[in-house]
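These are my notebook entries from a first reading of this structure. I went through it topic by topic and wrote down what I looked up.

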Amino acid sequence: MGSTTGMMTVLEAVDNLGLREYQVPEPVEGGMVLKMIRANVCGSDVHIRHGNHPLVREGCAMGHEGVGQVEKLSSSVTSDWAGEPLKVGDRVVATYFQACYRCPECNNGHPNICRNAYTGWSTPAEDAQHFYGTFATHYSVGSHQAVYKVPDSVSSKAVSSANCALSQVYYGCLLGEVSYGDKVVILGAGGLGVCASAVASSKGAEVFVAEMVPGRLAKAKEFGAHHAIDLSAADDGAGRVELVREATGGGADVVIDLTGVPDAFSESARIARSGGIVVEIGNISPNKYTQFDPGLFTRTGVQIRAAIRYPVEVLGRAVKFIESTPQFPWESLVDKDFSFDQVSEAVAAAEAKQVTRAGIVL
């Protein structure tokens with residue numbers, strides 16, 4: 001069979017995305033090459049475009065969320081990570097990071113913070129497999145990336161958010177010990193906030209979604225949120241804290257911060273009730289700071305837990321969650337589609353919060 005070429009989006013320089021053409025490679029041993037069907041723009045893609053990722057830098061591939069179809073499969077791969085038979089032509093979702101199981105973090109039971117997590121994604125696009133990101137016609141999946149087959153009953157558009165947005169907040173709810181009757185405050189009503197509403201409400205929690213852009217709140221209510229809080233009504237951080245504490249009757253059992261705004265981190269600790277749990281997800285860019293009151297924090301007994309990435313098996317659970325919750329309009333989470341040559345426009349729309357999730361149809 002003759003070689004084919006594919007196109008991919010690369011961070012050529014800070015705030016400058018470009019298209020490159022490469023030969024589609026053969027899969028690495030234990031891996032596969034996907035033909036991408038859909039990709040979505042995540043908030044972290046916006047940070048990456050601005051040069052604010054510690055490892056994914058200029059010259060690297062863009063995109064990490066999406067769904068693809070197996071085009072080339074290593075001969076040693078016969079099933080997905082749940083043991084389901086896998087063949088060329090199957091639709092799959094894959095973790096955008098790897099767990100090497102050969103580093104101290106993996107050995108200590110924390111594969112989600114594997115020190116080699118971004119071995120693929122942080123590799124310059126000009127090297128070897130080339131297709132390290134999902135904003136591309138193809139995607140090279142490594143042997144240590146977990147892959148799960150998409151059930152026939154789940155559409156590609158519905159599952160396109162599974163490997164980042166949904167899995168991330170699914171893990172956040174596990175880490176926050178969200179359970180029946182909890183008051184859960186979700187800060188941010190983008191794609192992750194909407195997915196978090198679905199997960200937390202399905203666990204029997206009373207869900208409050210708070211957002212500075214009030215037009216985004218309606219979508220969260222479609223996905224199970226019980227209360228919408230317009231934070232733009234407050235004058236400052238203290239006002240935002242008071243607004244949410246009043247709405248929750250004295251503070252939340254669990255606060256999940258998805259905003260990526262440093263001040264929201266310190267506000268989260270004050271929104272939680274005494275003895276509550278804060279799960280920090282949104283702030284991923286180092287060297288951005290906020291004022292914090294450690295004495296007040298100590299006296300409240302609040303716990304703060306960091307949720308970077310997720311244990312790989314969570315992706316499999318996320319796919320099953322979509323399959324088992326048809327009451328949620330999963331396809332509508334991706335509320336605007338863009339063509340492959342409109343990646344820059346899609347990222348700009350996500351940054352301007354004009355969409356819940358921008359989709360790129362490949």
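**Entry 1: the nonpolar cores**

I began with tryptophan 330, which, leaving aside its neighbours within four places in sequence, is in contact with Ala158, Leu166, Cys195, Ala198, Phe223, Phe321, Ile322 and Thr325. I note here that I am working from a predicted model. The largest nonpolar core has 94 residues, and I found that Val159 and Trp330 are those with the most contacts inside it. Helix 4, residues 162-175, gives the largest share of this core, namely eight residues. I also looked up a second, separate core of 14 residues, which includes Val241, Val244, Ala252 and Val278.

Which strands make up the open sheet, and in what order do they come? I read six strands in the order 10-9-8-11-12-13, with parallel pairing. Strand 10 (227-230) and strand 13 (303-306) stand at the edges and have a single partner strand each, so one side of each is left without a neighbour in the sheet. From one strand to the next, the twist averages 20°.

I then followed some of the pairings within this sheet. Strand 8 and strand 9 pair in the parallel sense over five bridges, and isoleucine 186 has valine 209 in strand 9 as its bridge partner. Four of the five residues of strand 8 are buried, so I describe this strand as largely enclosed by the rest of the structure. Strand 12 (residues 272-280) runs parallel to strand 13 and is joined to it by four bridges, with glutamate 280 standing opposite alanine 306 in strand 13.

Helix 7 (residues 237-247) lies across strand 8 (183-187), strand 9 (206-211), strand 10 and strand 12, and I noted that this helix runs at about 160° to strand 10.

I looked up valine 302 in the loop between helix 9 (294-300) and strand 13. Is valine 302 buried or exposed? With a relative accessibility of 5%, valine 302 counts as buried. Not counting residues up to four places away in sequence, valine 302 touches Ala269, Ala272, Arg273, Gly275, Gly276, Val278 and Phe297. Valine 302 and serine 274 are 28 residues apart in sequence, yet their C-alpha atoms are 5.8 Å apart in space.

**Entry 2: the antiparallel strands and a cavity**

I turned next to strand 3 (residues 32-41) and strand 4 (residues 65-73), which run antiparallel and are joined by eight bridges. Arginine 38 has valine 67 in strand 4 as its bridge partner. Strand 4 is also joined to strand 5 (residues 91-94), again antiparallel, by two bridges, and glutamine 69 has arginine 91 in strand 5 as its bridge partner.

How many cavities of 30 Å³ or more are there? I counted one cavity of 30 Å³ or more, and the volume of the largest cavity is about 50 Å³. Its lining is made of Leu34, Met36, His64, Gly66, Val67, Gly68, Val92, Val93, Ala94, Thr134, Tyr139 and Asn163. Strand 3, strand 4 and strand 5 are the elements that give two or more residues to this lining.

**Entry 3: threonine 9**

I found threonine 9 in strand 1 (residues 5-13). Threonine 9 is buried, with a relative accessible area of 3%. Residues up to four places away in sequence not being counted, threonine 9 touches Leu17, Gly18, Leu19, Cys60, Ala61, Met62, Phe135, Phe340 and Val343.

**Entry 4: positive phi in two loops**

Tyrosine 101 has a positive phi of about 60° although it is not a glycine, and I placed it in the loop between strand 5 and helix 2 (104-107). The relative accessible area of tyrosine 101 is 46%, and I therefore record this residue as partly exposed.

Alanine 128 is another residue other than glycine with a positive phi, in this case near 40°. I found alanine 128 in the loop between helix 2 and strand 6 (138-141). Alanine 128 has a relative accessible area of 60%, and I therefore record it as exposed.

Terms used. Residues numbered from 1 in each chain as written. Predicted model: local features only at pLDDT ≥ 70, side-chain atom pairs only at ≥ 80, totals over all residues. Heavy atoms only, no water. Pairing = 2+ DSSP bridges. Axes fitted to C-alpha atoms, helices over the stretch in contact; angles between N-to-C directions. Contact = heavy atoms within 4.5 Å. Buried < 20%, exposed > 50% of the residue type's maximum accessible area, 1.4 Å probe, protein only. Core = buried A, V, L, I, M, F, W, Y, C linked by side-chain atoms within 4.5 Å. 1 Å grid on protein atoms, 1.4 Å probe; cavity = no way out; pocket = protein on both sides within 12 Å on 5 of 7 lines; lining within 4 Å. Points joined across faces, edges and corners; volume = space filled by probe spheres on them.
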